[in-house]
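What follows is a walk through one protein model, going from contacts between side chains to strands, a helix and a metal site. Please keep the sequence and the 3D view at hand while reading.

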Amino acid sequence: MNFDTLVPGKAGLAGIDADALLVVVVGSKAPAALEGPLAAPLAEASSAGDFSFKAGGLLYAHRVAGVKARRSAYAWAADTSPKALRKAVAAGVALLKGGGTQHLAVAIAGAAAPPDAAAAQALVLAVHEATYVYRATKPSAPAASKLARVTLVCASKAEEAALAAGLAGGEAVAAGVALARELANRPANHCTPAYLAEQAEKLGKSHGLKVEVLDRKDCEKLGMGAFLAVAQGSEQPPKFIVARWNGAAKGEPPLVLVGKGITFDTGGISIKPAAEMDEMKFDMGGAASVLGTLRAVAQAKAPLNVVGLIPACENMPSGRAVKPGDVVKSLSGQTIEILNTDAEGRLILCDALTYAERLAPKAVVDIATLTGACVIALGHHRSGLFSADDALAAELQAAGDAALDPAWRMPLDDEYDEALKSNFADMANVGPRAGGAITAAMFLKRFTAKLRWAHLDVAGTAWRSGHNKGATGRPVALLSQWILGQQKAAPTGAGAGASPSPRRGKKGR
Ligand code: BES
Ligand code: MN
Ligand code: ZN
């Protein structure tokens, strides 16, 4: 899909040459700016009670006299904030995406303030969200929308320039979200650890990432005893994926993303109940979001170094599977008593976090569908955000709010750590049920003493259940916003790649 901008000619909106025209109506009455042929249907519908200037206000009109576009729709928005615009555009596009619509023009009428780049970005994400169809294993699915071009109508050349940047940023993020959704929606018999590794390599080739895949032997040599303990019950060989975007100079410390890549979580010997177990194919949602974010970062050609680490394996019961009470040695050297084999995410993440140390990162964020307890705590709207670093937590929280992919900070007090005491190892992998999302984060924290680290628990946000079951692509928007925001904050003057970090004297290894 292509996004562009347009300042209409003398004929105004009515003269725009597109298949469909979406008018986003802002405010409590028909906008004065909406003159000519487009005013009549709106005026008539609102006096007949068929359109109201409040939430849910939506109208379709066919072949409006004097309007060049065959199909028109009006969708109400409270204002031109990203959030309001996203809602209106999603509703409007749902009306117009079908049929033969290939070219859609979107105009905003009645706004006190023109939309900004963030609103333009939200518009792009809303269009993609409204037109996404999963087809990979469903040939009978409705054909993907023919929509190929979306034109955002602007009032002036200056507005055009400002919004074009938002559209381009939105397209990069939307492509990342789409990749994450595609990967996470794939069933586990298709999306195996090897498949994830292949997809990472494919992304590397198409988008200029350096991708390295460690297999079981490599991980054994390194000493990733916790990761391999989870993997040992499965016939599917584990893969540890290292994907690098080198957008800055070699010595520039990278941002590191660590994604939980459990391609199916049965619970292992601590097996899960049958109901809804199919949804555990989404347990690689963290990994999918890392690849999606790398795609967005690469497409945006961010002048930063970013590394994605993905421990990928299945959690299966078998004669070779790890058993409750087994003690394993993590890459960090700390030993772990695996009291519950269903708390496997933290076991694969802890070795990846230790691996991250060797990259001398600026910051590390792990993303994981880690605990059912996080879903109980926060529901499906906000992801759980954990960090001992106030500044990093604030950055991520702000990025999530700005990108409409919000998170909420949860505590990490030392007191919670006592739940992980074990008589047989340095720590147990589970505590009691209460505060389960926090004890999971406390477990990870034990592997991050040398890192500036944050953890996102996306168990409640990475996918939807019920009749709309499917991956959401979250938190790609949050992560992309955070990473792409760093390039503005970065003190590098000379663009991509030239100058070494002035903040760190040490060379990266
Ligand atoms: N992948 C699950 C977490 C999960 C469960 C996410 C349900 C979304 C919905 C994770 O591996 C898990 O099983 N966690 C356990 C931890 C417990 C054994 C301490 C859980 O949340 O029940
Ligand atoms: Mn589990
Ligand atoms: Zn899991």
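In this predicted model, D278 and K469 form a salt bridge through their side chains, with 2.7 Å from N to O. D278 sits in the loop between β10 and α8 (285-299), and K469 in the loop between β19 (463-464) and β20 (470-471), so the contact ties together parts that are 191 residues apart in sequence. D278 is partly exposed, at 38% relative accessibility, and K469 is partly exposed as well, with a relative accessible area of 40%.

D417 and R446 make another salt bridge, in which the closest N and O atoms are 2.7 Å apart. This pair links distant parts of the chain, 29 residues apart: D417 belongs to the loop between β16 (407-409) and β17 (427-428), and R446 to the loop between α12 (436-445) and β18 (453-457). R446 is partly exposed, with a relative accessible area of 24%. The helix α12 itself is mostly covered, since nine of its ten residues are buried. Among them are G436, I438, M442, F443 and L444.

How many salt bridges does the structure hold? There are 19 salt bridges in the structure. Some residues are joined in a network of such contacts, which links E129, R181 and R464.

A further salt bridge joins the side chains of E344 and K260, at 3.1 Å from N to O. E344 lies in the loop between β13 (335-338) and α9 (345-357), while K260 lies in the loop between β9 (255-259) and β10 (261-265), so the pair ties together parts that are 84 residues apart in sequence. E344 is buried, with a relative accessible area of 1%, and K260 is buried too, at 1% relative accessibility.

Both residues return at a metal site. Which residues are the protein donors of the zinc ion (ligand 3)? They are K260 (NZ), D265 (OD), D283 (OD) and E344 (OE), lying 2.0 to 2.4 Å from the zinc ion. Along the chain, these donors follow the spacing K-x4-D-x17-D-x60-E. The site of the zinc ion (ligand 3) has six donor atoms, with angles of 78 to 175° among them, and is octahedral. A manganese ion (ligand 2) lies 3.2 Å from the zinc ion (ligand 3), and D265 bridges the two. D265 is in strand β10 and E344 in the loop between β13 and α9, so this pair ties together parts that are 79 residues apart in sequence. D265 counts as buried, at 3% relative accessibility.

The strand β13 also belongs to an open sheet of three strands, in the order β12-β13-β17 and with mixed pairing. The edges are β12 (326-329) and β17, each with a single partner strand, so one side of each has no neighbour in the sheet. β12 pairs with β13 in the antiparallel sense over four bridges, and D326 has I338 in β13 as its bridge partner.

Elsewhere, β3 (residues 58-62) pairs with β4 (residues 71-77) in the antiparallel sense over five bridges. The bridge partner of Y60 is A73 in β4. In a regular strand the side chains alternate between the two faces of the sheet.

Technical notes:
Residues are numbered from 1 along each chain as its sequence is written. Chains are lettered from A and ligands numbered from 1 in the order in which they are written. This is a predicted model: local features need pLDDT of at least 70, side-chain atom pairs count only at pLDDT 80 or more; totals for chains, interfaces and linings use all residues. Side-chain values use heavy atoms; hydrogens and water are left out. A salt bridge is a side-chain nitrogen of Lys or Arg within 4 Å of a carboxyl oxygen of Asp or Glu. Helices (H or I, at least four residues) and strands (E, at least two) are DSSP runs, numbered from the N terminus. Buried means under 20% relative accessible area, exposed over 50%, partly exposed in between (1.4 Å probe, protein chains only). Two strands pair if DSSP finds at least two bridges between them. Donors are N, O and S atoms within 2.8 Å of the metal (3.2 Å for Na, K and Ca); water is not among the atoms, so sites may look incomplete. Four donors count as tetrahedral if all angles lie between 85 and 135 degrees; four count as square planar and six as octahedral if opposite donors are over 155 degrees apart and all others between 65 and 115; anything else is irregular.
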